Amino acid sequence: MDEPTTIIKAVTTAEIVALTEVSCGLELRGCLAVLPFWHKRSSGAFRTAFPLRDVDEVPSVVARLAPNLISTLARLDCDGVTLVAYTDDPFVIAEHPLIELLAGLMERLADAGYGIKDAAIVADDAWCGYFEQAGERDLAELDAARAAIPAELHHRPAPERLPVRDAELAEQVDLALLDRFVDHGECDAFGVVRRCAPPDPIDLLEDLLARDPDTVGPLSLARLLSTMLTEGDVDRTVLQIAFGRAVADASWQVTLATRQRAAEAGVQPFEIRREDMESGRMPADELRRARMLVGDTPTIPDPDRLHRGAHLLGRAIVHCGLPERSWAMCALAWVRWAVGIASAADTLVREAARIDPANSLAPVYAAILHSTYPAWIFDRRPPQNRRSRRAASRAARRNALVGALGRLGE
């Protein structure tokens, strides 16, 4: 049985702009928001940055932006589009260059076969619809249109920025980490460091994901950071955040098996993986994990877990001053990439490599972020409505019947 689909009807340009913003769920500043359509329906939006200072730069920006935009729309397999240009400049300054930018992009899109549903510009102090030619309009219109969209459809902002750092909490996290790294223990209520076994990483993360990240204390943050100090640790962590506990369990078993093989051969685990890849003998479980890590899987991650995981990782990172935080930074970079924020992910993984040049995973994840996109980002086609599904079902039955009759006549 299909899950119920909430349908929002947008008629005016203000309503379409509001729908674009809610569908995108990202910070929209100095960028172009794109709402793709499949006939008359849409199910998500994306954004792309554009550096534009004055109208003289419009032709070069269009020439650079249009091919990437058309390529993305082709992968989405849509047939129409709405464009909304955002700027922090006042309307009087932004109107002319942004109108020219939209005109240039829409011409290229139309030549490529895409229908233009609508277009608008949103400046710091006003907005306007491209086709309405009504001059600048009050931003309160957009506020009212956003408020009319059901609250459950307002996506939480994607994890583009790290949380605010609390100096006292950061000191407590670093002390707890030093206790684990130096004495292999934890400090009890009387200030005595007692030796203890490492936490089960999968149980720990699952427990933390079930909590409000803002309430996770210094000891739990230190425990989380201490479970991410190798490539296999980070792979397990991001797969658990994205796909759940069972996938993390399978990933961890692959890591442990690889480590055992490496120990028996007297080499490093990465050498075992490289040998498997070069020889074409990569185990099925390892291949499945590798494909999930590069986004080559039909399984779609849980958006709520991605956002909670990103918030949790961000809280751990900003409250750790030790180089070991670079591994958690790689994990957060992957989660940002998984929700479609490649630029923010790239910034983070570069910083991870800078603070800890010995981090062997940073260049690996950097290569993933630069060369691939998760398949689930392009799985945006809205579900067919009931009438379309019935028509498709009737057509399938009719074709099956025709095929059966044809075989009977052979």
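Trainee: What makes the charged end of Lys117 count as sitting over the ring of Phe37?

Mentor: In this predicted model, the charged end of Lys117 is 5.8 Å from the centre of the Phe37 ring. The cut-off for the distance is within 6 Å, and the charge must also be within 35 degrees of the ring normal. Lys117 is listed as sitting over the ring of Phe37. Another case is Arg236, whose charged end sits over the ring of Trp252, 4.4 Å from its centre.

Trainee: Why is the pair of Phe243 and Trp376 called edge-to-face?

Mentor: The ring centres of Phe243 and Trp376 are 5.7 Å apart and the planes stand at 80°. Centres within 6.5 Å make a pair, and planes over 60 degrees apart make it edge-to-face. The pair is therefore edge-to-face. Phe243 lies in helix H8, Trp376 in the loop between helix H15 and helix H16, and 133 residues separate them.

Trainee: How do you know whether Phe243 and Trp376 are buried or exposed?

Mentor: Buried means under 20% relative accessible area. Phe243 has 14% and Trp376 has 8%, so Phe243 is buried and so is Trp376.

Trainee: What makes Trp337 and Trp376 an edge-to-face pair?

Mentor: Their ring centres are 6.4 Å apart, and their planes are at 75°. The limits are within 6.5 Å and over 60 degrees, so this pair is edge-to-face. Trp337 is in helix H13, 39 residues from Trp376. With a relative accessible area of 2%, Trp337 is buried.

Trainee: Which residues do ring pairs link into a cluster?

Mentor: Phe243, Trp334, Trp337 and Trp376 are linked in this way. The structure holds five aromatic pairs.

Notes
Residues are numbered from 1 along each chain as its sequence is written. This is a predicted model: local features need pLDDT of at least 70, side-chain atom pairs count only at pLDDT 80 or more; totals for chains, interfaces and linings use all residues. Side-chain values use heavy atoms; hydrogens and water are left out. Rings of Phe, Tyr and Trp (its six-membered ring) pair if their centres lie within 6.5 Å; planes under 30 degrees apart count as stacked, over 60 as edge-to-face and the rest as tilted. Helices (H or I, at least four residues) and strands (E, at least two) are DSSP runs, numbered from the N terminus. Buried means under 20% relative accessible area, exposed over 50%, partly exposed in between (1.4 Å probe, protein chains only).
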